Amino acid sequence: MATTASCPPSALPISIATSTAGARLTSAHGSRASHAAARPPLPTMARAALLLPRAPLLRRLLLAGALAASYSYFLLVLQAQASVPPRYDGFAYGGAGSAATLKDAVLVEAFLDPLCSDSRDGWPPLKLAVERYSPRVSLIVHPFPLPYHTYSFMACRALHIANHLNSSSTYPLLELFFKNQGKFSNSATSSVSSSAVTGAISMMAAQAVGNSVSEFQSGFSDSRSDSAARVSFKYGCTRGVAGAPFFFVNGFLQPGAGSPIDYDTWTRILDPLVAQHGQTVEMFTSAM
């Protein structure tokens, strides 16, 4: 199939036409005018060729834009490197966050949005699978607020507040969010102030955390919970997370990102890994 970039095997036919005006010009100015009148009109491809000198300018503009974008990205990378968090992001499930435990187990990482229905549906089979293989499988959940859920960021802040006040209450609060997603949906909160929403979150969270409502709500005034939720979101972005739920096993993204994984699929993923994890793997390095 011919493309727009292909050229015909021969030149385009050119028709030469003269006019009375051209004849008068010939008689008035002699042979030079006759030569001008006989000059054929430029074909389409020849006229397009006259525009070629503009192409380098366009390329320079595109190159300048690419350089500006690269420089902006470089600045963002520098800024990100300058704000490394003091600890690894996420909440370890079942107290499996020690370095020794993570080293000796298959690591599952889940990026979940507390107000996302797919995250809610993906949680029970993941929890069941992790408990089945524990302690040979460890789980870390990273809160990842989706921007199209109005109060998802506040919900993620609440998880960090709960983890700070009582680390054993983080997952019970996550399950409370899953159970009560309708109360904090976009439609349910469209005519409610943000302070009223944080108050409702604090009342619900107090059940799981065991602290007073006012003590929990004061966490929303603490910039540290805001910073922690931002770090969680930024960390997800560095891992290429673009939705929820996203699942990683030993650092590798699992297929079907953005959709729940059922229990049978989890067992098919984890069974061979757990079996291999019990074997001793010798590492060889080349002699220096």
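A search of the whole structure finds 5 salt bridges. Here a salt bridge is a side-chain nitrogen of Lys or Arg within 4 Å of a carboxyl oxygen of Asp or Glu. Side chains of opposite charge can pair when their charged atoms come close.

The model is predicted: local features need pLDDT of at least 70, side-chain atom pairs count only at pLDDT 80 or more, and totals for chains, interfaces and linings use all residues. Residues are numbered from 1 along each chain as its sequence is written, and side-chain values use heavy atoms, with hydrogens and water left out.

Start with Glu 109. Glu 109 forms a salt bridge with Arg 239, and the closest N and O atoms are 3.3 Å apart. This pair links distant parts of the chain, 130 residues apart. Glu 109 sits in strand 2 (residues 106-112). Arg 239 sits in the loop between helix 10 (223-238) and strand 4 (246-249). Helices (H or I, at least four residues) and strands (E, at least two) are DSSP runs, numbered from the N terminus.

Are the two partners buried or exposed? Glu 109 counts as buried, at 3% relative accessibility. Arg 239 is partly exposed, with a relative accessible area of 22%. Buried means under 20% relative accessible area, exposed means over 50%, and partly exposed lies in between (1.4 Å probe, protein chains only).

Arg 239 has a second contact. Its charged end sits over the ring of Phe 248, 4.2 Å from the ring centre. A charge sits over a ring if NZ of Lys or CZ of Arg is within 6 Å of the ring centre and within 35 degrees of the ring normal. Phe 248 also belongs to an aromatic cluster with Tyr 88, Phe 111 and Tyr 235.

Now move to helix 5. Helix 5 has 17 residues and reaches 26 Å from its first C-alpha to its last. That is close to the 24 Å expected at 1.5 Å a residue. The expected span is 1.5 Å times one less than the number of residues. Helix 5 bends by about 30 degrees at Trp 123. A proline, Pro 124, follows within four residues. The bend at a residue is the angle between axes fitted to the seven residues ending there and the seven starting there. The buried residues of helix 5 include Trp 123, Leu 126, Val 130 and Tyr 133.

Arg 120 and Asp 121 meet in a salt bridge (3.1 Å, N to O). Asp 121 is partly exposed, with a relative accessible area of 40%. Arg 120 is partly exposed at 32%.

Which residue does Lys 127 meet in a salt bridge? The partner is Glu 175, at 2.8 Å, N to O. Glu 175 lies in helix 7 (residues 170-179) and Lys 127 in helix 5 (residues 117-133), so the pair ties together parts that are 48 residues apart in sequence. Glu 175 is partly exposed at 28% relative accessibility. Lys 127 is partly exposed at 23%.

Of its 10 residues, 7 are buried, so helix 7 is largely enclosed by the rest of the structure. Leu 173, Leu 174 and Phe 177 are among the buried ones. So is Phe 178, with a relative accessible area of 6%. Phe 178 and Asp 118 are 60 residues apart in sequence and 9.9 Å apart in space, C-alpha to C-alpha.

Next come the rings. The count comes to 10 aromatic pairs. Tyr 93 and Tyr 171 form one that is edge-to-face, with 4.9 Å centre to centre and 85 degrees between the planes. Tyr 93 is in the loop between strand 1 (91-92) and helix 4 (99-103), and Tyr 171 is in helix 7, 78 residues apart. Rings of Phe, Tyr and Trp (its six-membered ring) pair if their centres lie within 6.5 Å; planes under 30 degrees apart count as stacked, over 60 as edge-to-face and the rest as tilted. Tyr 93 is buried at 16%. Tyr 171 is buried at 9%.

Last, helix 11 and the cysteines. The 15 residues of helix 11 (residues 263-277) should span 21 Å, and the end C-alpha atoms are 20 Å apart, which agrees. Helix 11 bends by about 30 degrees at Leu 270, and Pro 272 follows within four residues. Its buried residues include Trp 266, Ile 269 and Leu 270. The structure holds 0 disulfides (pairs of cysteine sulfur atoms within 2.5 Å). Cys 116 is buried at 5% relative accessibility, and Cys 156 is buried at 1%.
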